[in-house]
Amino acid sequence: MKISISKSLTSNKGVGGYLSDDFMLSRYRLGGGQYTSFLSIPGTAFTRATTATATNQAGVVSAFGSGVPRVTTAGLTVESAATNLAIQSQTFSGWAGLAAAPVANATIAPDGTATGAKLRQAAANVYQSLFVQPAATASTAYTRTVYLKAAELSWVYLQQYDGINNKGAYFNVSTGAIGTIDAGVTASITAVSNGWYRCSVTFTTQAAATYERIQIALVTANGASPSYLGDGTSGVYAWGAQLEANTVATSYIPTTTVAATRNADALVSTDSVISPTIVAEFTVPTSGPTTGYPRVFSWNDGTSNNNVEIYLD
């Protein structure tokens with residue numbers, strides 16, 4: 001994300017002029033001054049009380065420490081808080097289902113580590129899938145995502161189950177194509193690094209739901225049934241499973257034995273501003289909240305009396 005703000009400032013140091021934060025090119029200026037990072041600009045502060053991840057332009061996922069801004073070649077990542085309910089998000093250890101046990105550390109993952117797992121067919125005539133099913137809230141949108149890469153198989157059926165509905169979408173993780181999408185489902189696929197794709201399915205739970213599921217089914221073709229006789233070997237590579245109460249996928253949050261939360265990013269610049277003009281260049285998800293006017297940028301005096309915002313309508 002690139003933010004350029006043309007403004008007049010008054011302060012006891014006489015700072016004034018043009019503020020430009022170019023996060024993609026790492027160029028930060030205020031008036032005639034140049035800075036090595038945007039946090040070194042007077043009046044700028046950033047907080048996030050947890051670790052987090054971000055993906056650069058090459059599709060590589062990187063980890064950032066608590067309180068460290070997520071600046072990559074793709075820009076600055078700023079998100080609200082989110083919780084990944086899918087435990088064992090990289091090993092898939094202990095996931096239920098009738099597919100063969102996953103093989104941990106089978107290939108290089110999107111973060112460059114040897115932590116990509118392999119999901120395999122069972123050598124039996126069964127529903128060839130693995131899933132985890134945490135408690136959930138009724139009538140709530142949940143987005144499930146997972147990074148997938150073709151091995152012997154190319155097609156995956158990523159699905160949900162809330163006690164009544166059992167729907168999802170088919171993904172070709174060799175070509176990046178989306179196949180059949182069930183009614184009521186929103187699906188997307190994003191290419192990342194080294195032949196990996198991040199696949200996403202969003203669905204709203206039924207009115208009496210008490211749980212929701214992320215289920216990864218190994219299939220042989222678009223629209224094919226996950227129930228068949230497997231060979232005990234064929235499968236796909238998987239990494240970074242996530243299930244969150246959200247209408248869109250957010251950045252990956254690693255888990256082990258329990259759910260994990262990424263706290264919200266907060267970027268604040270405090271100055272005495274006269275007649276600000278704000279320009280923000282940013283990316284937004286292909287689908288997202290349709291109500292509430294989600295904000296991209298806000299400039300205010302700490303109250304709602306003097307406020308300039310850029311928001312989605």
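**Contacts and overall make-up**

I started with contacts (heavy atoms within 4.5 Å): of those with a separation of 6 or more, 64% are between residues 24 or more positions apart. This is a predicted model, where local features need pLDDT of at least 70 and side-chain atom pairs count only at pLDDT 80 or more, while totals for chains, interfaces and linings use all residues. Residues are numbered from 1 along each chain as its sequence is written, and side-chain values use heavy atoms, with hydrogens and water left out.

Next I looked up the secondary structure, and I got zero helices and 28 strands. Both are DSSP runs numbered from the N terminus, with helices being H or I of at least four residues and strands being E of at least two.

I then checked burial: 43% of the 313 residues are buried. Buried means under 20% relative accessible area, exposed means over 50%, and partly exposed is in between (1.4 Å probe, protein chains only). The accessible surface comes to about 14,200 Å², and carbon and sulfur atoms own 52% of it. Those areas come from the Shrake-Rupley method with a 1.4 Å probe; for residues, only the protein chains shown count as cover.

**Confidence**

I looked up pLDDT, the predictor's confidence in each residue from 0 to 100. The mean is 86, and 80% of the residues reach 70 or more. Over residues 1-16 pLDDT stays under 50, and the model has 58 contacts beyond four places in sequence for that stretch. Where pLDDT is low, the predicted coordinates should not be read in detail.

**Salt bridges**

How many salt bridges does the whole structure have? I found six, taking a salt bridge as a side-chain nitrogen of Lys or Arg within 4 Å of a carboxyl oxygen of Asp or Glu.

One of them pairs Arg48 with Asp265, with the closest N and O atoms 2.9 Å apart. Arg48 sits in the loop between strand 5 (44-47) and strand 6 (52-55), and Asp265 in the loop between strand 24 (260-262) and strand 25 (266-269), so the pair ties together parts that are 217 residues apart in sequence.

Are these two buried or exposed? Arg48 counts as buried at 2% relative accessibility, and Asp265 counts as buried at 8%.

Asp265 also takes Arg70 as a partner, with the closest N and O atoms 2.5 Å apart. Arg70 lies in strand 8 (residues 70-72), 195 residues from Asp265. Arg70 is buried, at 0% relative accessibility.

I also noted Arg262 with Glu79, whose closest N and O atoms are 3.5 Å apart. Arg262 is in strand 24 and Glu79 in the loop between strand 9 (75-77) and strand 10 (82-84), 183 residues apart. Both are buried. Salt bridges that share partners join Arg48, Arg70, Glu79, Arg262 and Asp265 into one network.

I traced an open sheet of six strands in the order 11-12-23-15-20-19, with antiparallel pairing. I count two strands as paired if DSSP finds at least two bridges between them. Which strands are at the edges? They are strand 11 (103-107) and strand 19 (186-191), each pairing on one side only.

I zoomed in on strand 12 (residues 116-120) and strand 23 (residues 235-244), which run antiparallel and are joined by four bridges. Ala117 stands opposite Ala238 in strand 23.
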